Amino acid sequence: MATPPPADRPVPARLLAGIRLVNGAAGLLTPELLIRRFDPGREPPSAAAVYAFRLFGIRTVLLGLDLLGHGGDRLRADLLEGILIHGSDTVTAATLGVRGQVPPRTAVLTTLVSAVNTALAATAAVTLRTPPPSTPARRDRSRCGRC
């Protein structure tokens, strides 16, 4: 199936793609900045954390590009997967906050971002499942002069 032009792509899918590209690029290119939000007392940041954020970053960039490049059934599948991915991220961020494993402000921010991403994926998936409003059928007047 052909890739829909950006204007035909649901707005929530485009917003989610943008968020994924920005957050993914940050994780890939500047993991130390993100790590300091999660673990402010550790200098220098753990090499394992840098590795994990870079993994997160490239995965997120590729997921964002998928939303911009795929169409039809594949885009729907990407969005449904996004609900699971971002839902899992939301639960993880909230759990870290409740357990006091990250600073409260960081927990709230990451939980909120992940919840918004979940909502965007769900909204875009529903939008793609809902057929566009149809135009009223025109009568074929070529067969009957009175019709």
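This is a predicted model: local features need pLDDT of at least 70, side-chain atom pairs count only at pLDDT 80 or more; totals for chains, interfaces and linings use all residues.
Colleague: Which elements make up the protein chain, and in what order do they run?

Modeller: From the N terminus the order is α-α-α-α-α. That is five helices and zero strands.

Colleague: How much of the chain counts as buried?

Modeller: Of its 147 residues, 30% are in the buried class. The chain exposes about 9400 Å², and 65% of that comes from carbon and sulfur atoms. As for contacts between residues at least 6 apart in sequence, 73% join residues at least 24 apart.

Colleague: How is a pocket read, and what volume does the largest pocket have?

Modeller: Empty space is found by rolling a probe the size of a water molecule over the atoms. Here the largest pocket has a volume of about 720 Å³.

Colleague: Which residues lie nearest its centre, and which helix gives the most to the lining?

Modeller: The lining has 25 residues, with Phe38, Phe53, Phe56, Thr110 and Ser114 nearest the centre. Helix α5 gives the most, six residues, while α1, α2, α3, α4 and α5 each supply at least two. Sorted by class, the lining holds twelve nonpolar, nine polar and four charged residues.

Colleague: How are aromatic pairs described, and how many does a search of the whole structure find?

Modeller: The description uses the distance of the ring centres and the angle of the planes. The search finds two pairs. One joins phenylalanine 38 and phenylalanine 53, with centres 5.7 Å apart and 55° between the planes, and is tilted. This pair links distant parts of the chain, since phenylalanine 38 is in helix α2 and phenylalanine 53 in helix α3, 15 residues apart.

Colleague: Why is the pair of phenylalanine 53 and phenylalanine 56 called edge-to-face?

Modeller: Their planes stand at 75°, with the centres 6.2 Å apart, so the pair falls in the edge-to-face class, for which the angle must be over 60 degrees. Both residues lie in helix α3, three residues apart, about one turn of the helix.

Colleague: Where does proline 31 lie, and what is it in contact with?

Modeller: Proline 31 lies in helix α2 and is buried, with a relative accessible area of 0%. Beyond its neighbours within four places in sequence, proline 31 is in contact with Ala26, Val50, Phe53 and Arg54. The C-alpha atoms of proline 31 and tyrosine 51 are 8.4 Å apart, although 20 residues separate them along the chain.

Technical notes. Residues are numbered from 1 along each chain as its sequence is written. Side-chain values use heavy atoms; hydrogens and water are left out. On a 1 Å grid over the protein atoms alone, a cavity is a set of points where a 1.4 Å probe fits but cannot get out, and a pocket is an open set with protein on both sides within 12 Å along at least five of seven lines; lining residues have an atom within 4 Å of a point. Grid points are joined across faces, edges and corners, and a volume is the space filled by probe spheres set on the points. Helices (H or I, at least four residues) and strands (E, at least two) are DSSP runs, numbered from the N terminus. Ala, Val, Leu, Ile, Met, Phe, Trp, Tyr, Cys and Pro count as nonpolar, Asp, Glu, Lys and Arg as charged, and the others, Gly among them, as polar. Buried means under 20% relative accessible area, exposed over 50%, partly exposed in between (1.4 Å probe, protein chains only). Contact means heavy atoms within 4.5 Å. Accessible areas come from the Shrake-Rupley method with a 1.4 Å probe; for residues, only the protein chains shown count as cover. Rings of Phe, Tyr and Trp (its six-membered ring) pair if their centres lie within 6.5 Å; planes under 30 degrees apart count as stacked, over 60 as edge-to-face and the rest as tilted.
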